[in-house]
Amino acid sequence: MSVTLEIEDGNPWYLSPNVWVVPGDDPEGPPGLPIVGINAYLWARVRNTGNTKVENATVRYYWANPSVGFDRTTANAIGTSFVTLDPGQTGDVLCLTPWTPVYVNQGHECILAEAFHPTADPLPAVAAFNVPTDRHVAQRNLSVVMASAKGFHFAFEIHNPGRKEKVFAINATQGKIESLRKLLPLLGRNFKLPAKQGKVTRLGFVSAMCPDLEEGGQRSPRIKSLKVKPNGRAGYSLVGTLDGGAALIHVEQLEQERVVGGLSLLIIHTKEERK
């Protein structure tokens, strides 16, 4: 006899299609991207894969600025809902508390939800979300970034939620835009994904939050060894240029070769560049 609650991850795990945003004042409206200053509602698709009915399971919702490695102490709580599920049942659960996205790090934000029952299926007793190994929690950390003829840049943070200094590696790699097909219905009715895979060049990390895209010099898409103080943060920007189509970039934070955080960027040209 068990209750087993799950919000399914995506591929990679930080691109779950089972957590989404409905911008506007109607929570039953179409999904879309969060808009700074405009009310929005969050939903989560929760399954009970156990063989026992669960009553009033808890679903919590969070947002975080574009960062890798955040936890329950650094994410921002939005609200809590409750759901009753029979064995094998799946339910779409609305967060009744509206969320008003704020302008941080150019307005790009990450959303996350977790489902649990305090006695029948509790959360692990740690602050870390452990998304890839904990079925209770799922995260969607995708931002759409506009590229001009000069290039693109995206500012983000690396978090160390631990009580000791840690050393991380940060990697940026290009994925395939076809892998976003499951997420397309959640990006808005008018969102069109360019059919052609673009080519990214001069991809790399820089320390400036507002970098000069025309600046020369060597860039690397890998930070091999980054020390971050206990409960500390480090800020970087990812920069590059886009030739044709669109590109999907994954940024991952690794600790001893284990991925502990990630975010993805869909790079598309501005309307002016597409003309």
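**Before you start**

The model is predicted: local features need pLDDT of at least 70, side-chain atom pairs count only at pLDDT 80 or more, and totals for chains, interfaces and linings use all residues. Residues are numbered from 1 along each chain as its sequence is written, and side-chain values use heavy atoms, with hydrogens and water left out. Helices (H or I, at least four residues) and strands (E, at least two) are DSSP runs, numbered from the N terminus.

**Stop 1: Asp121**

Select Asp121. It sits in the loop between strand S8 (110–116) and strand S9 (137–140). Buried or exposed? Asp121 is buried, at a relative accessible area of 5%. The cut-offs: buried is under 20% relative accessible area, exposed is over 50%, partly exposed is in between, with a 1.4 Å probe and protein chains only.

Now show its surroundings. Contact means heavy atoms within 4.5 Å. Leaving aside neighbours within four places in sequence, Asp121 is in contact with Val3, Thr4, Leu5, Phe116, Arg135 and His136. Leu5 is 116 residues away along the chain, yet the two C-alpha atoms are separated by 7.1 Å.

Which side chains make polar contacts with the side chain of Asp121? Draw a line to the side chain of Arg135: 2.9 Å. Draw another to the side chain of His136: 3.1 Å. A polar contact here is a pair of N or O atoms within 3.5 Å; within protein, one must be able to donate a hydrogen and the other to accept it, and residues adjacent in sequence count only if both atoms are side-chain atoms.

**Stop 2: Thr4**

Step across to Thr4, one of the contacts of Asp121. Thr4 belongs to the segment before strand S1 (5–6). Thr4 is buried, with a relative accessible area of 16%. With neighbours within four places in sequence left aside, Thr4 is in contact with Arg47, Asn48, Thr49, Gly50, Asp121 and Arg135.

**Stop 3: strand S17**

Select residues 258–269, strand S17. Nine of its twelve residues are buried, so S17 is largely enclosed by the rest of the structure.

Two strands pair if DSSP finds at least two bridges between them. Strand S10 (residues 142–147) pairs with S17 in the parallel sense, over six bridges. Pick Val145 to find one of them: its bridge partner in S17 is Ile267. Strand S16 (residues 247–255) pairs with S17 in the antiparallel sense, over nine bridges. Here Glu252 stands opposite Gly262.

Zoom in on the turn. S16 and S17 form a hairpin with two residues between them, and Gln256 in the turn has a positive phi of about 50°. Glu257 is in the loop between S16 and S17. Its phi is also positive, near 70°, in a residue other than glycine. Glu257 is exposed, at 76% relative accessibility.

**Stop 4: the cores**

A nonpolar core is a set of buried Ala, Val, Leu, Ile, Met, Phe, Trp, Tyr and Cys residues joined through side-chain atoms within 4.5 Å. Which members of the largest core touch the most others? Select Phe70, Leu112, Phe129, Leu142, Leu180, Phe191 and Leu266, out of 31 residues. S2, strand S3 (40–48), strand S4 (54–64), S8, S10 and S17 each supply at least two residues of this core.

Centre on Phe191. It touches Val144, Leu184 and Leu266, not counting residues up to four places away in sequence. Apart from this core lies another, of 25 residues, among them Phe156, Phe205, Ala234 and Leu238.

**Stop 5: cysteines**

How many disulfides are there? With a disulfide taken as a pair of cysteine sulfur atoms within 2.5 Å, the count is zero. Cys95 is in no disulfide; its nearest cysteine sulfur, that of Cys110, is 15 Å away. That is too far for a bond. Cys95 is buried at 0% relative accessibility, and Cys110 is buried at 1%.

**Stop 6: backbone checks**

Select Asn11 and Pro12. A cis peptide bond joins them, with omega about 0°. Pro12 is in the loop between S1 and strand S2 (19–23).

Finish at Arg202, in strand S13 (residues 199–206). Its phi is near 50°, a positive value in a residue other than glycine. Arg202 is partly exposed, with a relative accessible area of 37%.
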